[in-house]
Amino acid sequence: MLQKIKAVFTDLDGTLYNSEHTLSARTVKAIAALKERGIPFIVATGRPFPDVFANLETTGLKPDFIITSNGSRVHDANHELVFACDLNPESVCRIFQLPAELDDDGVVNPISPTRCIQYNLNCGARWLTNERRDEIRAMFHPSLNYEEVDRMAQTPETIKGTHSMYGWGKHEDLLCVQRYIQRELPDVSSAFPLPHILDCFPSGNHKGVAMRKVCEQLGITPRETIAFGDGMNDVQMLSEAGQGFVMANAAPMVREATKGLPVIGSNREDAVAAKIEELLEADAFAG
């Protein structure tokens, strides 16, 4: 990392947030120190923007840019839209209405095992699901309206504007869905932020693309940034940054996909704050 750092990008869950989904006093202090240096601080998450905006308000965090839905939305500090990229509603329908009987290759077969998948769609400000679950409801801000709908009654028109879609279930079941998507839907990409969650997003769009959009706004290049993350949906962002840092709590598949990048401590250890402190001490930042 030879260039002075001009911006910091970070994932939220499992990275900046601790295990209680809050910011520690140490992390708040480290972010404030960046602000004092005039270094833009950007959050990048797979969560939808209505949830992120509400949680940022709760935590008091005020990023310069907010990347949500794995790069499908970028907003500035005032929550003004900078960039948008929606999923193809035809493809969303096909995934949402996918029969549960899938073989290991993701081929629909009536005699195959039943794959128990709970799907979630963020369509504009709406949150739709085929099966409401209290444990998932509890993971998002209470201001979000959680709607259980008949998935077979949906049409491309009713779910137009979907910027985020994910499946929740056993990893082996989600792998079958991913293989179906890879074979049948070339306009959809997917990644595992966690083994039990499969994120779906427009092909060619990801956190790395959103990072480039933000850098254009700032008049810098991704090579002049650092990034922190712990999920498969962070891999492109970590790779495009001048220096990516992988969290110690990242899953093995993430470690494998980011070989060569340094692994720091876990989110429970305030590892992002510790690294920022170290880089500030080393005068690694511009400004």
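Predicted model: local features only at pLDDT ≥ 70, side-chain atom pairs only at ≥ 80, totals over all residues.
## Two domains

The domain assignment divides the protein into domain 1, made of residues 7-85 and 205-282, and domain 2, made of residues 89-202. The C-alpha centres of the two domains are 25 Å apart.

## Where the domains meet

At the boundary, 20 residues of domain 1 touch 19 residues of domain 2. Together the domains bury about 1600 Å², and 60% of this area is on carbon and sulfur atoms. On the domain 1 side, R47, P48 and M253 contribute 23% of the area buried against domain 2, more than any other three residues.

Between domain 1 and domain 2 there are 0 salt bridges, but 8 residue pairs are in polar contact. Helix α3 (residues 49-59) provides 6 residues, the largest share of the domain 1 side that touches domain 2. By type, the residues on that side are 7 nonpolar, 10 polar and 3 charged.

## Salt bridges

Side chains of opposite charge can pair when their charged atoms come close. The model has a count of 19 salt bridges.

One of them joins K207 and D11, with the closest N and O atoms 3.2 Å apart. K207 is in helix α7 (residues 207-218), while D11 is in the loop between β1 (7-10) and α1 (12-16); the two are 196 residues apart in the chain. K207 counts as buried because its relative accessible area is 0%, and D11 is also buried, at 5%.

Another salt bridge is formed by D173 and R115, whose closest N and O atoms are 3.1 Å apart. D173 lies in helix α6 (residues 171-184) and R115 in the loop between α4 (89-96) and β6 (118-123), so this pair ties together parts 58 residues apart in sequence. D173 has a relative accessible area of 8% and is buried; R115, at 9%, is buried too.

E184 and R183 also form a salt bridge, with an N to O distance of 3.1 Å. Here E184 is partly exposed, with a relative accessible area of 33%, and R183 is partly exposed at 38%. Elsewhere, salt bridges link K4, R37 and D283 in a network.

## A residue in helix α2

A32 is located in helix α2 (residues 25-37). Its relative accessible area is 33%, so A32 counts as partly exposed. A32 and L61 are separated by 29 residues in sequence and by 9.8 Å in space, C-alpha to C-alpha.

Definitions and conventions:
Residues numbered from 1 in each chain as written. Heavy atoms only, no water. Domains from an automatic or database assignment. Contact = heavy atoms within 4.5 Å. Buried area = accessible area lost by both parts, 1.4 Å probe. Salt bridge = Lys/Arg side-chain N within 4 Å of Asp/Glu carboxyl O. Polar contact = N/O pair within 3.5 Å; in protein donor to acceptor, adjacent residues only side chain to side chain. Helix = DSSP H or I, 4+ residues; strand = E, 2+ residues; numbered from the N terminus. Nonpolar A, V, L, I, M, F, W, Y, C, P; charged D, E, K, R; others polar. Buried < 20%, exposed > 50% of the residue type's maximum accessible area, 1.4 Å probe, protein only.
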